[in-house]
Amino acid sequence: MKFKKFNEDTRVKIPATLQFLRIGYNYQSLKDADIDFNTKIIVNRFKSAIERINNTTYSERELEALLQDIHTLIRNNDLGRSFYRRLIDTTADIKLIDFDNIENNDFAVIDELPFTVKRDTEEGSFRPDINILINGMPLAFLEVKKPNNEDGIQAEFKRMINERLKKPEFKKYFNMFQIVSFSNNMEYEDGDSVQAEMIKAGSFYTTPSGQKTSFSFFREDEKGYIANYPYLPLDDDKCRDIVKDLGYDSSHFDTPEFATNNSVLTPCNRFITSLYDKERLLFLLKYGFLYVNSEIPEKHIMRYPQFFATRAIIKRLDSGNKRGIIWHTQGSGKTELSAYTNKILQDYFAKKDTLTRFFFVVDRLDLLTQDNDEFSARYFTATNCVNKSDFSTQLNVTVPKGSDTEGEFVVVNIQKFEKAIPKAQNLYNSNIQRVFFIDECHRSYALNGEYFKNLILCDPNAIFIALTGTPLLSKKERSNLKFGDYIHKYFYDKSIADGYTLRIKKEKVDTLVRQEIKDNLELEAQDFDSADVYESDAYINSLGKYIEKDFINFRIVNQDDTIGGMIVCRSNPQAKKVHEWFKNHSSLSTGLVISDAENPEQQEANINNQKEFKKSFKPDILVVHYMLTVGYDVKRLKKMYLLRGPKAQSLLQTISRVNRPYRSSKTGKIYNYGYITDFVDIEKEYDRTLNDYLKELEEDMADPDDTENKGSLNGLLVDVETIWSNYEKSKEEVDDLIHADNDEKYSQKLQLYTKETLLKLKRLLNNIRQCYVELLLSNANDEASQIDIETVKRRIRLTQERIDFLNLKEDPVRMLDVISNEDIVEIFYEFIRVSVSIIDLSRFDPTNSEYKRFNETLSEVQKEIKKNKNKRDIKIIKLDEMLQKLFNSLHIQNMDDLSNLTEEMLIILEQARKINAENERLASIFDGNYAMVITYQEAVTEHPELSNIEIQDATKLIYESIKDIADSDILAIQGRQGFIDETKKKVIKPLLKNGLYKNLGLKNWIDDLLSNIYTNLQNY
């Protein structure tokens, strides 16, 4: 048997597979898996698991019906919501998972399970590296790559979104998957210069959500969890068997390199322990998903801070304490955290025979509307309380609403309760637990205030979970508060590093523009704090002209007209005037959103403007005073013009409106910053910048003994100086790596570098290009002009071509299969051009007949490789080795060397054509059944001492006896052993009669042959 070479499988995948065994999973070999073709459920595990869970034996007909029901559910066009509700339904006649008894379930992993959609072909299929099975159902997978792979983990993200999730035929499988994860076995890249969306190293997870799928870090939050985990010991012989089962020489297991990668402390293995621990995985499956009913439906999975916060809440309740504060930074999903917690606490108290009622308390009318919409979109029943009477009614309802939804929320505007709040009553002596989520608890709940006292007294037995993203509470204030101290904390620095929020970039207002605005103010006394100035026509006119020009330029530089803006005004009259100016003088559309209780039309406009801005790309800019500066989360809002002073308490919340990650739906551009233009600098020269203010705020709120989270606001704001410093750092690193006066010398020097160095160089050059764009966006044209951007772009291209060539040498068949012919020609053109010696350079001409002949031959080889349907065929593996040998021995000094290279390529071309011709011949023998072609090729590889003709005849004879059921669902229901037994009854006599049974020694391996046929029929 020919084994595979040591590669990323043995470096990461196999050690990761063994890590699952250490945390209590079983190993399922692909060779003896009974796979239901439609769902890819492993039937042999599925049947035994559900019979154990439900304490019932199911007939083949009942099992088939259940599999068909699941197949119907995953085919729904609902992101898998129907299947998910069925998966976690604990009242169904047949439960699919036992959430109460973890060990009653079957946890297993199977490597490279093929998700094929058409029988008799592998084309269009995908094979996740490690598939996580719960009771035989593939509910998650882990893709692994070796460290320092090209484009890092981003390559896997792009493949997931741009290839797999876009294909309609794969939709049903991703409706079944609840978690998908990726790792290249590297530590996370943390640091001020690293943008989360550009991260290339680490381990990540998500849930399929169509084109809105985004990927999350998972940072272990429990101290000592990994070090103290009760790992199971592994049997060395069993590990060797698994290595061999996956196609590798079992001796790899005993190498020092494998032992290093097999440690429980590698980044990938730590990630597996943290995320896929059996108890944690079932917790996530039951509580960790929410569907969002929006214009484009979404599916969300708990972010890791939400995961650990919900578990901390349970721990707090278990200790007998019913109060505490969740401090999670702006933009980290506190509203959604409340929704997850709702589901968890429903079950927590149901086990105590106690009903739960959930109240979400806000202190502003606009937040009441926003939060009601957020909960309703997540399939919760949401009821608004806008006055004392509403609240009194809801407070004393004992039976929760929303039995057909995820649960209920009563959304309460506390500002309507200036006097005593009604007290909770329990007229029917029901077991009821009220849970209050207090939004932005730092803002309206002063210790001696009426709101705080009345709220606490409305139900002394209630649970109070206070939420804040702007911690303006000192340690003394927290200890005195009846809310209690922190349950869980999640800071700005982590949120930025994790990509849940963006840094804020403070844009530069040109000095000349600033002076021009001042000069245009036709007032004798320019008191910029006076409404006479900032509401004057002259000021509004100058301001409007600048913002219009700047915002249009912002869109042009980004090549994206989906991004929106917000103008935060100093007063309602100023906001109205700014809105009117844009209506009368600009092509940009604005929406006015201000509090105006005496104007019902404005109240209606407020609702329409904020909804339209969120759901469509109009208006272009929102004009606000205080409304929408808190809690309004719209990802496309990327530019803010700030006209209010930074000493306002709500500054942090206000500028956080632009800090949500955004990928343009039009261009695919990923934004690394939210942008603000601070017009306060025009009105008054402040002694302190926004950064100074934030630093002071951080010092005020930090605990003296909290050393772990010092600097939690570090890097929140960046400016032109920060971008320029980032550019200079990257340029210095590039110059240290490679110094070349022109592109020719640059190309020649690239030939000397390893792929790891080239990848680093490419990352640095891309960072320089990004700095250039950011400088343009900041109106820092003088700084941007100092960057030779055209040279940077050319060198990025040259570096990528060299990386592609090295990839071609390492993995020629795969590269020739996935990249275009034009790219292949360009890669070799650059290599040959740089390699030909100076003496012979005059002979190098792209129109040269020998060069054309080489290109044509290479293109034909690529065409044959793309045509081949079985890249795992031993003959293709040998062809790959021939190409590797050829590409690695390339040494072109003159054009005669190119002629010799073409001759060698012609030999490979002939071999590729023979392979494809043989495959076509075999396909015709088996009526185009690809599974039988694969079976024959595997049998020939496994038994090289036997006659190929006789193996072909035996396989053909078997096929003729089973072809009527080969494409039916009977196989999965029949089971592997049933298939083997029934087929043997049909074929042994004919095989004996033809002499094939004796000649091939089938007595010793017919069961293996039939087992392989069974596997391949289900997979292809």
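Trainee: At roughly what angle do the axes of helix H26 and helix H28 cross?

Mentor: This is a predicted model, in which local features need pLDDT of at least 70, side-chain atom pairs count only at pLDDT 80 or more, and totals for chains, interfaces and linings use all residues. Residues are numbered from 1 along each chain as its sequence is written, and side-chain values use heavy atoms, with hydrogens and water left out. Helices are DSSP runs of H or I with at least four residues and strands are E runs of at least two, numbered from the N terminus, while axes are lines fitted to C-alpha atoms, for helices over the stretch in contact, with angles from 0 to 180 degrees between N-to-C directions. The axes of H26 (residues 720-737) and H28 (residues 755-777) come within 9 Å, and they cross at roughly 150 degrees.

Trainee: How do the residues of the contact of H26 with H28 divide by class?

Mentor: Contact means heavy atoms within 4.5 Å, and residues including Trp-724 and Tyr-727 in H26 meet residues including Leu-761 and Leu-764 in H28. Ala, Val, Leu, Ile, Met, Phe, Trp, Tyr, Cys and Pro count as nonpolar, Asp, Glu, Lys and Arg as charged, and the others, Gly among them, as polar. The residues of this contact of H26 with H28 divide into twelve nonpolar, four polar and four charged.

Trainee: At roughly what angle do helix H36 and helix H41 cross?

Mentor: Ala-931 and Met-932 are among the residues of H36 that meet H41, where Leu-1009 and Asn-1012 are among the partners. The axes of H36 (residues 930-942) and H41 (residues 1006-1019) come within 9 Å, and the crossing angle is roughly 145 degrees.

Trainee: Is Lys-286 buried or exposed?

Mentor: Lys-286 is found in helix H10 (residues 278-287), and, leaving aside its neighbours within four places in sequence, it is in contact with Tyr-84, Ile-88, Thr-90, Phe-99, Lys-343 and Asp-347. Buried means under 20% relative accessible area, exposed over 50% and partly exposed in between, with a 1.4 Å probe and protein chains only. Since its relative accessibility is 14%, Lys-286 counts as buried.

Trainee: How far apart are the C-alpha atoms of Leu-502 and Gly-674?

Mentor: Leu-502 is found in the loop between helix H17 (492-498) and strand S17 (503-507), and at 6% relative accessibility it counts as buried. Although Leu-502 and Gly-674 are 172 residues apart along the chain, their C-alpha atoms are separated by 6.2 Å.

Trainee: Which residue follows H2 with a positive phi?

Mentor: The buried residues of H2 include Val-43, Arg-45 and Phe-46. H2 is followed by a residue whose phi is positive, near 55 degrees, and that residue is Asn-55.
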